[in-house]
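User: I would like to go through the classifications assigned in this model and the criteria behind them. Please set each value against its definition.

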Amino acid sequence: MKNLFSFLLLVFITTFSNAQEVSGKVTDVLGTPLPGANIIEENSSNSSATDFDGNFKINSKIGAKLKFSMVGYETVTKTASSEMTVILIEATKALDEVIVVGYGTRKKGSISGSVSQIKADDIIRTPAQSAIQAIQGKAAGINIVTNDEPGAAPTINVRGIGTILNSRNPLYVIDGIEAGSLNGISPNDIATIDILKDASSTAIYGQKGVNGVIFITTKKGKKGQVKISYDAYYGQKSILKKVKMSDSYRFAYYNNTALGSSSYFNFNQPVNTNWLDEITRTGEVTSNSISISGAGEAVSYYLGVSNYTEKGILLGADFKRNNLLNKNEYKFSDKFKITQLVSLSIADNNPKPLSAFTNAYKQSPIVPVRYANGRFGVPLLNTTTGLADLTGQRFNNVANPVAQLFYTNQKNKNVTLLGGLNAELQLFKNIKFNSNFGATADWGKGYSYTPTRDLWLSQNPSLSAEDYPISEGIDAPLNTLQQRKTNSYVYNWDNYLTYKKQFGDHNVTLVIGMSKSKNNNFEELFATRYNVPENSNYWNLNLASDNGEVTPNSVIYNRISTPEVSLAYFGRAEYDYKGKYMATAIVRREGTSKFQAPVRWGVFPSFSAGWVISKEEFLSNNKFIGNLKLRAGYGQLANSNGPSFNTTAFNPNNYPFGDPTVSQPGLYVPTIPDPNLTFEKMAEIDFGIDFVLFNNHISGTFDYYNRKAKDLILPVSPPYVISELPNYVNAGEITNTGIELTLRWDDTIGEHIKYWISGIFSNNKNEVSKINSPYFKNFSGSGSLNNGEYTKMVFEGQPLGSFYVYQQIGYNGDGEPIFNDLVDGVAGLTDKDRVNAGSYIPTYTYSLNFGINYKNVDFSVETYGVGGNKLYNGKKAQRFGGENVEFDALENFWTPSNPNASNPKPSNNVPKPSTYYVEDGSFFRINNITFGYTLPKFFEKLDRVRMYVTAVNPFIFTKFTGYSPEIASNGDPLGGAGIELDAYPTNKTFLFGVNVSF
């Protein structure tokens, strides 16, 4: 009986075990349920599938091996457990992504050119006032130099710089609307950013696309229920890297040594001002964005409203921007639809002079911010006591930076309206017609109020207002009010036909069309008024003479530009065979009114081809290679995106006609335009590899490119018998060669952990490869130090942006710098003694990024670095005498007993631009650290609530001794780019944010 009972119990247990039910849920990496996923138990006939919500049940047992599969996703095998959660990774998602290529779209897998795409999640991961600033380090070959000044835009170069005087900026295309910038588009309203990098891709835009094309695709409504999203964050800002300056005691010691006196400056100063602390504050940034979207059978809609407010670290520097974006699509039938876009941006900016940072760097710490009488401190020294005083001898020419900010009263307001209308008509089964019109209108106004009398009093602290030499004219006004109004309008109108046809395994797409655009269409009105009422309510261009105590004097200046018109005809042919072989050919013929009639037209062709090797039969059973594509392309482009160099000007002059003692007014022509001046031309070859390896875990791209710009527009100095001032001719070449590498690893650990690691590396060699005009001089541009010295020149065989300075080789017996005199037989230093100390343009950029998701927790780190570049410490090199000096400079300077010191002896002489001030500009920075948590779903209608904390630019590693190794200026390679002078320091920001969607 006992044995029978045991047998029956064993049968019952076995039967129960075999009949056990395992349940769980299958989702993608974002937690979205996957309906229709298949579940099969290995070595068994048990199978099941997920329902609409991704849930499944299968007759199996704990510990069994279950295989999960679904079309388009990687197959995974998991050990059965109770209440399983299985995450499937998309296998071919990257190849099926839609890329905007200009006048159409293509799947990424069928593109034969060099293209990078950045998605919404990557754009908003780094909170920034500009989406371009937020994508730094996220695309190879794209060099972005950020600018943390409130309201400022970053500079961006695609595959180097190929021009000297023309525009270096890429073309922005916002939902088909051509633009020169993002035009205030909020990062929250952007769905994707597609960047066309090589000439074979950008040739469809001709001379406009020579610096790359950046497509901005804004978000749109999707079918289903109405979706509402809210994103917000608040953060605080501070200076990422400070420079320690000397205190009062060390200042006195340094300058006494420089003057050869031990008592000129008293060592026991009553004041020890830290000027950087006096002009800065804790900055604040706030962003709020809300959107509503949805779609039905005939209409889709998206409406986004956002506000961005920043209180800069510089006292009084404030910026505010409000955005509205509305995008609707109306489907009138299966053959006809219209898409409408309206974007409105309203920006208010209170800029402050960045020279305040330079003045804070140089001003003496013995000068008080204010005297006891409330007047601002001035660098005046009582030579009897050696102390700073109300009266005395001025010992430097540096402004009081606090007073400078206090008396700078400037406000700007810009309203930008961008609109587009696209109509799409299916004419026949395989032919559709698109007409796209886009326009941007911008209105700006602002004023600058200068209290001239107060400024005079600030420099004369012992005098009173009664001592000011009041004038009814403009020689010594009480104040000055400068007012400005600007408006501009640009548009592009594109009409094109698209033919698509599949012949068996052959796919053909043809695009043909025309485009017309108008830019440089603006008007400026400037008015300068003197002795206006001090009440700011009267600071407008309608100021009447009876509003003030005195009659305001006025100077009015009005300028209207000559619009530039571009007309182009273009065509593109695309061929694809089985997704294995692909080719694209483009031609664009374009003319611009900027040049004279015989040379205003150009033809810009390109061709590219691709071969997906992984689809060949000899790799069909290969499990290591998921996708492998070779591609190559060649294209020709042009550049005329800059000021007009082909105009005739008339300047006034007086001539002694008739009576030699009487001058007669007349005109003369200062320049002779070259009738043959035309486009700068660029040709580029590109070879690339796209790959997916290791069961779709590794994906990446590799590119090699060689682009040569020729017929550069250069200034030349012909003999005066021909022309008095420089003319412009096509006479030079610039070459950019480089490689780009992008890698990404995606994987999972267990059932709840997903992680990714990505990195990019870009290398670029820039060279002015030829200058073929005998009249071209060593063009020094505007790389000025504002002390009578300059730093940059253009030489054949050298990179753009190179610093040409004197080579310091040591110190003489008096501790004065010795410079290498390279020219024998010439006494003293000349420009021919300057040497190339390196270029500010990086030779390589890189990034390494990491992210991990564990259940509801996400964590990511993004980094960015540059190398191979040099920077010029302009603040350090701009001395006239009596300025402060860096704390570290006093640690090791020349003395008779220390002749091998790294720093010269204390001196108040204006320094020569030399290699002493050229420093390593490389840096590695942590761009972003983010920790986020998504709350469990606690309300049926609530899709997601995520909270996060982010540190932006928390750490930097660099040898540069200035405030920031990122110095863009306006990106001019011969201007202030790479020279730290009047530059806004890089900020570090710590913020808290929330994402809500329902």
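User: What makes the charged end of Arg 589 count as sitting over the ring of Trp 601?

Analyst: First, the basis: this is a predicted model, in which local features need pLDDT of at least 70 and side-chain atom pairs count only at pLDDT 80 or more, while totals for chains, interfaces and linings use all residues. Residues are numbered from 1 along each chain as its sequence is written, and side-chain values use heavy atoms, with hydrogens and water left out. A charge sits over a ring if NZ of Lys or CZ of Arg is within 6 Å of the ring centre and within 35 degrees of the ring normal. The charged end of Arg 589 lies 4.4 Å from the centre of the Trp 601 ring and is assigned as sitting over that ring. Arg 370 is likewise placed over the ring of Phe 406, at 5.6 Å from its centre.

User: Why is the pair of Tyr 103 and Tyr 496 called edge-to-face?

Analyst: Rings of Phe, Tyr and Trp (its six-membered ring) pair if their centres lie within 6.5 Å; planes under 30 degrees apart are stacked, over 60 edge-to-face, and the rest tilted. The search of the whole structure finds 35 aromatic pairs. For Tyr 103 and Tyr 496, the centres are 5.4 Å apart and the planes stand at 70 degrees, so the pair is edge-to-face. Tyr 103 lies in the loop between β8 and β9, Tyr 496 in strand β27, 393 residues apart.

User: How do you know whether Tyr 103 and Tyr 496 are buried or exposed?

Analyst: Buried means under 20% relative accessible area, exposed over 50%, and partly exposed in between (1.4 Å probe, protein chains only). Tyr 103 has 7% relative accessibility and therefore counts as buried. Tyr 496, at 10%, is buried as well.

User: Which label applies to the pair of Tyr 806 and Phe 819, and why?

Analyst: The centres of Tyr 806 and Phe 819 are 6.2 Å apart and the planes 55 degrees apart, so the pair is tilted. Tyr 806 belongs to strand β43 and Phe 819 to strand β45. Tyr 806 is buried because its relative accessible area is 4%; Phe 819 is buried because its value is 17%.

User: What makes β31 and β32 a strand pair?

Analyst: Strands are DSSP runs of E of at least two residues, and helices are runs of H or I of at least four, numbered from the N terminus. Two strands pair if DSSP finds at least two bridges between them. Strands β31 and β32 run antiparallel and are joined by 12 bridges, so they pair.
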